[in-house]
Amino acid sequence: MSQVHEDMSDRASRWRRGGVWVLRLVVAGVLLAAAAPKLADPVAFAAKLPNYRLFPDVLVNVVATTAPMLELLAALALLSGRLYRGGVWLSVGLMATFTALIGSALARGIDLDCGCFGNAVQAEPVGALDLVRNIVLLGLTVVLALDLGREPAR
């Protein structure tokens with residue numbers, strides 16, 4: 001009986017590890033897709049930030065250069081073994097921040113292009129689907145964070 005329980009536990013552990021890898025790849029892929037166009041054209045991204053009406057003018061360039069670098073760092077850390085834990089927490093923080101920014105813009109009725117993926121996608125006003133996308137991504141990062149206490153998914 002104990003051998004059957006071990007086999008089932010082993011199988012469940014493999015499925016969990018596989019699921020965690022899929023989540024890591026999805027979140028890292030989204031972060032890379034968001035970071036690349038903003039890193040390639042930080043001026044265009046910086047031009048979109050004042051539309052949020054949250055950043056003082058002196059911080060716009062700092063945010064425009066720092067945010068995509070943090071996205072890139074988080075993506076690479078999610079894919080690494082050594083920096084994984086930090087990458088998970090950085091991803092949670094980034095997704096929480098991005099979700100709050102989009103939610104705030106929607107709540108205040110601000111019509112803006114979020115700049116989430118730089119100029120890689122056609123500029124459209126931020127909407128409920130953008131908020132839902134970010135909530136889902138935040139949820140995925142939270143799942144990764146909750147999994148941190150378990151055996152590493154290598």
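A residue counts as buried when its relative accessible area is under 20%, as exposed when that area is over 50%, and as partly exposed in between. The structure shown is a predicted model, and the terms apply to it as computed. Arg-16, with a relative accessible area of 16%, is therefore buried. Across the protein, buried residues make up 38% of the 154 residues.

The secondary structure consists of five helices and zero strands, and along the sequence the pattern reads α-α-α-α-α.

The interior can be taken next. In soluble globular proteins, nonpolar side chains tend to be buried together. Here the largest nonpolar core has 36 residues, and those with the most contacts inside it are Leu-31, Tyr-52, Leu-78, Tyr-84, Val-88, Leu-112 and Leu-144. At least two residues of this core come from each of H1, helix H2 (42-48), H3, helix H4 (84-107) and helix H5 (128-147). H4 gives the largest share, nine residues.

Tyr-52 is buried, since its relative accessible area is 4%. Phe-55, at 22% relative accessibility, is partly exposed. Tyr-84, for its part, has the charged end of Arg-24 over its ring, 3.8 Å from the ring centre.

The charged side chains form three salt bridges. One of them joins Asp-147 and Arg-16, whose closest N and O atoms are 2.6 Å apart. Asp-147 belongs to helix H5 and Arg-16 to helix H1, so this pair ties together parts that are 131 residues apart in sequence. Asp-147 has a relative accessible area of 10% and is therefore buried, and Arg-16 is buried as well, at 16%.

Another salt bridge links Lys-38 and Glu-71, at 2.9 Å from N to O. Lys-38 lies in helix H1 and Glu-71 in helix H3, so the contact ties together parts that are 33 residues apart in sequence. Both Lys-38 and Glu-71 are buried. Lys-38 has a further contact, as it lies over the face of Phe-45 at 4.8 Å from the ring centre.

The salt bridge between Arg-133 and Asp-130 has an N to O distance of 3.3 Å. Arg-133 and Asp-130 are three residues apart in helix H5, so about one helical turn separates them. Arg-133 is partly exposed, with a relative accessible area of 25%, whereas Asp-130 is buried, at 18%.

The surface remains. Leu-25, Leu-32, Leu-39, Met-69, Leu-72, Leu-76 and Leu-79 make a nonpolar surface patch of about 570 Å². The elements that contribute two or more residues to the patch are helix H1 (2-40) and helix H3 (57-79). H3 supplies the largest share, four residues. Leu-79 is in helix H3. Residues in a patch need over 30% relative accessible area. Leu-79 has 35%, and so is partly exposed.

Note on methods. Residues numbered from 1 in each chain as written. Predicted model: local features only at pLDDT ≥ 70, side-chain atom pairs only at ≥ 80, totals over all residues. Heavy atoms only, no water. Patch = residues over 30% accessible without salt bridge, like charges linked within 9 Å, V, L, I, M, F, W, Y side chains within 5 Å. Areas by Shrake-Rupley, 256 points an atom, 1.4 Å probe, with all protein chains shown as cover. Salt bridge = Lys/Arg side-chain N within 4 Å of Asp/Glu carboxyl O. Buried < 20%, exposed > 50% of the residue type's maximum accessible area, 1.4 Å probe, protein only. Lys NZ or Arg CZ within 6 Å of the ring centre and 35° of its normal. Core = buried A, V, L, I, M, F, W, Y, C linked by side-chain atoms within 4.5 Å.
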